[in-house]
Amino acid sequence: MFKIDKPLPMPTEDTAQYWEGTRNGELRAQRCDDCSFLRWPPASHCARCLSPKHTWVKLSGRGKVYSWIDVHKSQHPAFWGDPFNVAIVELDEGPRLHSNVIDVEPAHLRIGLPVEVVFEKQDAEITLPKFRPV
């Protein structure tokens, strides 16, 4: 059997600072310079006031499980194998990210579970944020 590489995110002009942050062990988001809205996902303009001005800020990397699913049979062959979860983590600062919760038995995963970010290097460009129970 041959190995199929997992598809990885493709950084864009809007997300480059985010991916630079993950490579450096930081979770970052854009804060609007005009209305202070913490915007996620990264975008060229603020969804609240439409300002193009923003500053990248470091987030705490702490939050809680908002929701999750257990994937038993992936549609993509690169993910075939052991079951895994896809979680929505609500960060303490407010934004919700899609990720995985690692280092937890499926039976112990629950809504409201406190988690913190950890980083998994995939290649020279992409380091993925994952979460583990606190």
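This briefing describes the fold, core, sheets, ring contacts and backbone features of a single chain.

The model is predicted, and the secondary structure of its chain comes to one helix and eight strands. Read along the sequence, these elements follow the pattern α-β-β-β-β-β-β-β-β. The C-alpha trace spans about 50 × 35 × 25 Å along its principal axes, and 33% of the 134 residues of the chain count as buried. Among the contacts between residues at least 6 apart in sequence, 51% join residues at least 24 apart.

**Nonpolar core**

- The largest nonpolar core holds 20 residues, of which Leu 27, Leu 91, Val 115 and Phe 131 touch the most other members.
- Two or more residues of this core come from each of α1 (16-23), β5 (84-91), β7 (114-121) and β8 (127-133), and the largest share, three residues, is that of β5.
- Leaving aside residues up to four places away in sequence, the contacts of Leu 27 include Tyr 18, Val 57, Leu 59, Leu 91, Leu 97, Val 117, Phe 119 and Phe 131; Lys 58, Gly 61 and Pro 129 are also among the residues that Leu 27 touches.
- As general background, nonpolar side chains in soluble globular proteins tend to be buried together.

- Three strands form an open sheet in the order β2-β1-β3, with antiparallel pairing, and its edge strands, β2 (38-39) and β3 (54-58), each pair on one side only.
- Strand β1 (residues 28-32) is joined to β2 by two bridges, the two strands running antiparallel, and Gln 30 stands opposite Arg 39 in β2.
- Helix α1 lies across β1 and β3, and runs at about 140 degrees to β1.

**The hairpin of β5 and β6**

- Strands β5 and β6 pair in the antiparallel sense over four bridges, and Val 89 has Leu 97 in β6 as its bridge partner.
- Four residues lie between the strands of this hairpin, in which Gly 94 takes a positive phi near 120 degrees.

**Aromatic rings and charges over them**

- The count of aromatic pairs comes to three. In one of them, the rings of Tyr 18 and Trp 19 have centres 4.9 Å apart and planes at 80 degrees, so the pair is edge-to-face.
- Another pair brings together Phe 79 and Phe 84, whose ring centres are 5.9 Å apart and whose planes stand at 40 degrees, so the pair is tilted.
- Tyr 18 is buried, with a relative accessible area of 5%, and Trp 19 is buried as well, with a relative accessible area of 9%.
- Phe 79 is partly exposed, with a relative accessible area of 28%, and Phe 84, at 26% relative accessibility, also counts as partly exposed.
- Ring pairs link Tyr 18, Trp 19 and Trp 40 into a cluster.

**Backbone features in the loops**

- A cis peptide bond, with omega about 0 degrees, joins Trp 40 and Pro 41; Pro 41 is found in the loop between β2 and β3, while Trp 40 is a member of the ring cluster with Tyr 18 and Trp 19.
- Leu 50, found in the loop between β2 and β3, has a positive phi of about 70 degrees although it is not a glycine. Because its relative accessible area is 61% and exposed means over 50%, Leu 50 is exposed.
- Asp 103 is found in the loop between β6 and β7 and has a positive phi of about 60 degrees, although it is not a glycine. At 63% relative accessibility, Asp 103 counts as exposed.

Terms used: Residues are numbered from 1 along each chain as its sequence is written. Side-chain values use heavy atoms; hydrogens and water are left out. A nonpolar core is a set of buried Ala, Val, Leu, Ile, Met, Phe, Trp, Tyr and Cys residues joined through side-chain atoms within 4.5 Å. Buried means under 20% relative accessible area, exposed over 50%, partly exposed in between (1.4 Å probe, protein chains only). Contact means heavy atoms within 4.5 Å. Rings of Phe, Tyr and Trp (its six-membered ring) pair if their centres lie within 6.5 Å; planes under 30 degrees apart count as stacked, over 60 as edge-to-face and the rest as tilted. Two strands pair if DSSP finds at least two bridges between them. Axes are lines fitted to C-alpha atoms, for helices over the stretch in contact, and angles run from 0 to 180 degrees between N-to-C directions.
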